Amino acid sequence: MTSPVRMRPQVPAAHRLADLADAFSLVVDPSQGDRTVTGITVSSTDVEPGDVFVAIPGLRAHGARFADQAVEAGAVAVVTDAAGAELVTADVPVLLADEPRDLAGPLAAWVYDYPAERLVSVGVTGTNGKTTTTYFVEAALRAVHPLTVLLGTVELRIGDVAVESPRTTVEAPALEAILAAGLERGATAAAMEVSSHALALGRVRGLELDVAGFSNLQRDHLDFHGDMEGYFRDKSRLFAPGQARRGVVVVDDEWGRRLAVESPIPVETLATHVGAPEAHTADWAVTWADIGLDGVGSSFVLRAPDGAEHRAASPLPGLVNVSNAALAIVLAHAAGVDLAVAIDAVAHAHEIPGRMERVVERGDGLPLSLVDYAHTPDALVLALEAVRPITPGRLVIVFGSDGDRDRGKRPIMGEIAARLADVLVVTDENPRSEDPASIRAAILGGVRSVRPDLADVHEATSRAQAIHDALALATERDTVIVTGKGHEPTQEIAGVFHRYNDRDVIREAVALARARAEQHA
Ligand SMILES: CC(=O)N[C@H]1[C@@H](OP(=O)(O)OP(=O)(O)OC[C@H]2O[C@@H](n3ccc(=O)[nH]c3=O)[C@H](O)[C@@H]2O)O[C@H](CO)[C@@H](O)[C@@H]1O[C@H](C)C(=O)N[C@@H](C)C(=O)N[C@H](CCC(=O)O)C(=O)O
Ligand SMILES: Nc1ncnc2c1ncn2[C@@H]1O[C@H](COP(=O)(O)OP(=O)(O)OP(=O)(O)O)[C@@H](O)[C@H]1O
């Protein structure tokens with residue numbers, strides 16, 4: 001698989017370094033102004049010949065420490081601050097900027113000739129639902145655009161060509177390069193997730209979205225943002241002139257309601273909780289919802305600003321996905337997609353990797369088997385509650401909890417699983433540097449608080465074995481849900497990333513079960 005940075009235009013525009021300097025009021029020695037710039041990066045490990053290397057004073061290191069490596073790899077200039085300039089020893093033009101981090105995005109947009117201006121673009125922010133909503137939006141954009149770009153936690157994709165994504169929102173130079181590569185290949189629209197880290201660290205500066213969406217704000221990432229107020233402020237940055245032209249804000253929580261009032265750009269509001277007071281005042285509202293017992297998804301009614309009621313559907317189970325589908329429909333409509341077309345496209349959206357992904361359908365003696373990314377207590381409750389109504393038999397869960405992350409949630413996850421599922425297979429997630437057995441023990445502590453005798457509770461020291469065990473003990477009436485890792489393509493154990501994916505293991509286990517059944521037939 002290509003690395004994300006290779007997702008660049010094949011034939012990048014060539015600019016003179018002096019023109020870049022002029023455009024941003026930077027100073028370059030005239031004897032060096034004729035150097036040709038064809039790309040840009042903030043990471044020495046991603047440099048391609050012709051790049052400008054923006055050396056950012058980071059939270060861990062000053063990027064200028066890596067400037068010499070960048071130059072060796074072909075960087076034609078370095079943009080950095082005064083402290084960074086002191087660290088550059090290579091013979092390269094150094095352009096001084098007060099805030100290199102803030103400049104990286106605008107520079108990248110310039111270097112790639114402002115690709116976002118030639119694409120219809122939609123960005124989604126919020127604590128939960130970014131990935132799901134972004135996929136739904138892309139499905140709606142695809143209905144009218146021949147080629148689309150998708151950027152988010154799971155993958156970076158142009159049309160059907162995808163690479164794994166290193167994070168939810170990539171650094172500005174990578175973002176602009178992918179949009180430019182998309183344009184070059186004929187894309188006319190893009191849907192992207194915008195994380196709060198990206199907003200705080202300027203990864204989307206220089207990019208003006210056509211439409212920005214806000215899903216919700218819940219307690220998360222406070223280590224980075226300080227407090228909820230700081231988290232809200234960072235999320236709100238997406239709703240600003242120059243960053244997005246218009247917005248759609250879900251007003252189910254107090255933060256959405258506040259954003260709708262304070263937003264300096266025009267926003268439409270959307271209420272997705274049936275019967276909530278906001279439903280009367282919001283521009284758009286979900287007025288009826290049925291989470292559906294057929295296991296396929298949910299039906300709902302979306303009231304438009306003109307009062308017309310539209311029948312719609314979410315292809316994923318659970319009320320949260322009614323919210324995500326409704327937001328995606330309104331976002332896509334705001335981005336120019338006919339409402340009926342958006343509603344239809346979202347109802348038939350492709351499965352989202354690792355988000356309530358149905359890997360095996362119920363039948364032929366096999367249980368319905370799903371993979372979900374739920375790795376927080378709230379998400380685990382939602383996931384288990386969503387599959388209970390579509391489970392005629394027992395609900396079997398395979399789960400664990402991450403190492404080197406929030407230890408407090410381990411017993412809570414155990415307690416939730418014991419309460420809401422019938423059969424538990426406790427195993428490893430990404431143990432990282434921790435002892436996997438002690439993580440499982442902490443989870444089992446929570447399980448015991450609900451089921452002291454540990455009835456129907458199993459423990460497996462390998463995640464793949466856990467999935468095989470779960471499938472072996474489940475019948476056709478049962479549902480097996482494997483939570484925590486979702487789409488992740490690796491498992492991190494003792495500092496080593498092993499290729500691993502829950503979906504692939506389920507498929508292997510099923511293939512094995514089928515082969516065994518055929519042998520015995
Ligand atoms: C808090 C945070 O997001 N930090 C990110 C940030 O760090 P930083 O700017 O402080 O950079 P640094 O590591 O001090 O390095 C300084 C500079 O030197 C450069 N460098 C560094 C090493 C090297 O060999 N060569 C080199 O050029 C770096 O590219 C950087 O520009 O820039 C670095 C380079 O791009 C990122 O690796 C780093 O992400 C860290 C690893 C991270 O885990 N980020 C997560 C929290 C994140 O961004 N998550 C959100 C999603 C959150 C969510 O909703 O779940 C995301 O959008 O993925
Ligand atoms: N609208 C929503 N409100 C609350 N919870 C949600 C919502 N949508 C999804 N979730 C829960 O959050 C989990 C993550 O969903 P999704 O991946 O779409 O969100 P995200 O914002 O991209 O999160 P992450 O950044 O962790 O990938 C899901 O497993 C689901 O249980």
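Student: What distance, taken over C-alpha atoms, separates the centres of domain 1 and domain 3?

Tutor: The centres of domain 1 and domain 3, taken over C-alpha atoms, are separated by 46 Å. This is a predicted model, and the domain assignment of its protein chain gives domain 1 (4-111), domain 2 (115-347) and domain 3 (357-520).

Ligand 1 has 20 residues around it, and G58, L59, G63, R167 and S195 come nearest. Domain 1 (4-111) and domain 2 (115-347) each contribute at least three residues to the shell around ligand 1. By residue type, that shell divides into eight nonpolar, nine polar and three charged.

Ligand 2 is also surrounded by 20 residues, of which N128, G129, K130, T131 and T132 are the closest. Its shell takes residues from both domain 2 (115-347) and domain 3 (357-520), so ligand 2 lies between these domains. At least two residues of the shell come from each of α5, α12 and α14 (377-387). The division by type for ligand 2 is six nonpolar, ten polar and four charged.

The largest nonpolar core holds 163 residues, and V52, A140, I329 and V346 have the most contacts inside it. Helix α12 (residues 319-334) gives the most to this core, namely twelve residues. V346 is also one of the buried residues of helix α13 (residues 339-347), where the others are A342, I343, A345 and A347. The cover over the buried residues of α13 includes α5 (130-142), β17 (309-314) and α12. For V52, the contacts beyond its neighbours within four places in sequence are L20, V37, I40, A75, V76, A77, V79, L107 and V111.

Strand β14 (residues 267-271) has four of its five residues buried, so it is largely enclosed by the rest of the structure. Strand β13 (residues 244-250) runs parallel to β14, with four bridges joining them, and V249 of the pair stands opposite T269 in β14. F214 itself is placed in strand β12 (residues 209-214). F214 is classed as buried because 31 other C-beta atoms lie within 10 Å, and 20 or more are required for that class. From F214 to H197 the separation is 17 residues in sequence and 15 Å in space, C-alpha to C-alpha.

E155 stands opposite E164 in β10. The hairpin of β9 and β10 has two residues between the strands, and G159 takes a positive phi near 60° there.

Most residues other than glycine have a negative phi. L454 has a positive phi near 55° and lies in the loop between α16 (436-450) and β22 (457-459). L454 is partly exposed, because 14 other C-beta atoms lie within 10 Å. A494 has a positive phi near 50°, and its loop runs between β24 (490-493) and β25 (496-499). A494 counts as exposed because it has 12 C-beta neighbours inside 10 Å, and the exposed class covers 12 or fewer.

Last comes a residue towards the start of the numbering. Q10 is found in the segment before β1 (15-16). Q10 is exposed, as 7 other C-beta atoms lie within 10 Å. Q10 and D91 are 81 residues apart in sequence, and their C-alpha atoms are 28 Å apart in space.

To return to the question, the 46 Å is the separation between the centres of domain 1 and domain 3. Ligand 1 has a shell that draws on domain 1 and domain 2, while ligand 2 lies between domain 2 and domain 3.

Terms used: Residues numbered from 1 in each chain as written. Chains lettered and ligands numbered in written order. Predicted model: local features only at pLDDT ≥ 70, side-chain atom pairs only at ≥ 80, totals over all residues. Core = buried A, V, L, I, M, F, W, Y, C linked by C-beta atoms within 7 Å. Contact = placed C-beta atoms within 7 Å. Near = placed C-beta within 6 Å. Nonpolar A, V, L, I, M, F, W, Y, C, P; charged D, E, K, R; others polar. Domains from an automatic or database assignment. Pairing = 2+ DSSP bridges.
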